[in-house]
Amino acid sequence: PPPRRTGEPRTHRPWCLAPPCGQACHCGGILSTATCSDAGAGAEHRHGNADQRGARGHKQRTMQKRILGPNLEVSAIGLGCMGMSSGYGPPADRNEMIRLIRASHDHGVTHFDTAEAYGPFTNEDLLGEALRPIRKQVVVATKFGFDIDPTTGARTGGTNSRPEHIRQVAEASLKRLRTDCIDLFYQHRVDPKVPIEEVAGAVRG
């Protein structure tokens, strides 16, 4: 994003869908595809659909794609959702985050990343609710690997990639994500106590 002058106030939150008019849309690094031409310095607005953006003078671009593995197609820019629930202060407003996630899809983002550790659990639940209407149009990635009590969410501070724990995490993540499959399921941290071959075997199922 463009640097702010010394003493210049921040006029929008990091996850705001549109900065002040006349500035490029950076919005957390995911919506840098348009520049607003609306009048009114310092005014703020939210982007509408593609037709509305075109009518307001926005320059539209097509999202590039990438292939992960043999055939998993994702947008070149993905959306990591951790900060919506944890890691950077208190959780953001849930309804605002749902709108942001859906708006990012409107802008071409199809790759969404979360993990059981974010919250814990609450970020997967948020993403599951947000993507439910468009689940077949997106790729969801989530992770296992930390030693987190599946009932209380208590953390031991260690790792846990035992095959039985991986299966337990997968089942719980499916429920929170409101889906019948996880498109990309991977290890958050290596567990030195479990051979990587056992981890890979559990993931392959």
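## Overall architecture

The protein chain contains 5 helices and 8 strands. The model is a predicted one. Read from the N terminus, the elements follow the order α-β-β-β-α-β-α-β-β-β-α-β-α.

The protein chain has 205 residues, and 43% of them count as buried. Its accessible surface is about 11500 Å², with 52% of that area belonging to carbon and sulfur atoms. Among contacts in the protein chain with a separation of 6 or more, 63% are made by residues 24 or more positions apart.

## The loop between strand 4 and helix 3

Strand 4 spans residues 111-113 and helix 3 spans residues 122-131, and the loop between them includes Pro120. The peptide bond joining Gly119 and Pro120 is cis, with an omega of about -5°.

Phe121 also has its place in the loop between strand 4 and helix 3. Its phi is near 80°, which is a positive value in a residue other than glycine. Phe121 counts as buried because its relative accessibility, 14%, is under the 20% limit.

## Asp113 and its surroundings

Asp113 belongs to strand 4. With a relative accessibility of 16%, Asp113 counts as buried. The side chain of Asp113 is joined to that of Lys143 by a polar contact of 2.6 Å.

When neighbours within four places in sequence are left aside, the residues in contact with Asp113 are Leu79, Gly80, Cys81, Tyr118, Asn123, Ala141, Lys143 and Tyr186.

Arg178 is found in the loop between helix 4, residues 163-177, and strand 8, residues 184-187. The phi of Arg178 is near 55°, a positive value in a residue other than glycine.

Arg178 is partly exposed, because its relative accessible area of 30% falls between the limits of 20% and 50%.

## Cysteines and disulfides

A disulfide is a covalent bond between the sulfur atoms of two cysteines. The structure holds 0 disulfides.

Notes:
Residues numbered from 1 in each chain as written. Predicted model: local features only at pLDDT ≥ 70, side-chain atom pairs only at ≥ 80, totals over all residues. Heavy atoms only, no water. Helix = DSSP H or I, 4+ residues; strand = E, 2+ residues; numbered from the N terminus. Buried < 20%, exposed > 50% of the residue type's maximum accessible area, 1.4 Å probe, protein only. Polar contact = N/O pair within 3.5 Å; in protein donor to acceptor, adjacent residues only side chain to side chain. Contact = heavy atoms within 4.5 Å. Disulfide = S-S within 2.5 Å. Areas by Shrake-Rupley, 256 points an atom, 1.4 Å probe, with all protein chains shown as cover.
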